[in-house]
Amino acid sequence: MRTVIRRGSVRGGLLAAVVAGSLLLGATGCGEGEDKDGLPKDYKVVGGTQLCGSDAVSADAAKALKVITGSSRFEASGKEYTVAQAAANLGEGFLDHGDLCRVYMPIGTPYFQLRITWKLEAGAPTGTPAPKFTALKMGERTVAAADKAYVFFACRSGKLPDPSGVTHIVIGVERWGMPKPPEGDIKALKNAYATVAHSFSLAMAKELRCEKNGGLPAKPVLIPA
């Protein structure tokens, strides 16, 4: 049987390697901290709305994750992957980018990883997006492709290093390690990525207590700009 490797999803982001049907496992029994299948005892599979601290993925975004991955069940997120933790890292002012969350399919299913990131920008976005992106009417700018989406928004908040100024933030959702172009309904995929990116962006804006939620709508707007 093949070895399945996950990084960043179980045991607080540490490497979890599972060898299904291992003769060694059969001969020696379960290792410490593992169940009879060789999985960490704290390994869980959850629905989309329970990912990343349970306050980042809306019901709409959970449906969008199914469009993207074909599944409604995922590995439970590592404890460090929450909007609250990402907002704290951003608010401390020591970092200008970081991971917000990683989404993995359960062990035993085809490998699929989404990486959600945050980054600070010097100002509002300018220029013309690359042809593969569709611009949408959310925040300062939202752009979506069939394998990624980015939401730019401006935040004024007392929780940020410059409470009197405006901080420009971009939240990205990207399919990671994809060896070939995405397949399927391109428009549906773009809308799905944009919906997930909006959900994480709104959650971050609320966690940071941005004025007027950073100008983000309560629901994703999928109308081209």
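Author: Start with the packing. The buried residues of α2 pack against β4 (73–75), β6 (113–121) and α4. Contact here means heavy atoms within 4.5 Å. Helices (H or I, at least four residues) and strands (E, at least two) are DSSP runs, numbered from the N terminus. This is a predicted model: local features need pLDDT of at least 70, side-chain atom pairs count only at pLDDT 80 or more, and totals for chains, interfaces and linings use all residues. Residues are numbered from 1 along each chain as its sequence is written, and side-chain values use heavy atoms, with hydrogens and water left out.

Ala61, Ala62, Ala64, Leu65, Ile68 and Thr69 of α2 are buried. Their directions fall within an arc of 160 degrees seen down the axis, so they line one face of the helix. That arc is taken from the directions from the helix axis to the C-beta atoms. On the other side, Ala59 and Lys63 are exposed. Buried means under 20% relative accessible area, exposed over 50%, partly exposed in between (1.4 Å probe, protein chains only). An α-helix has 3.6 residues a turn, so residues three or four places apart point the same way.

Next, the end of the helix.
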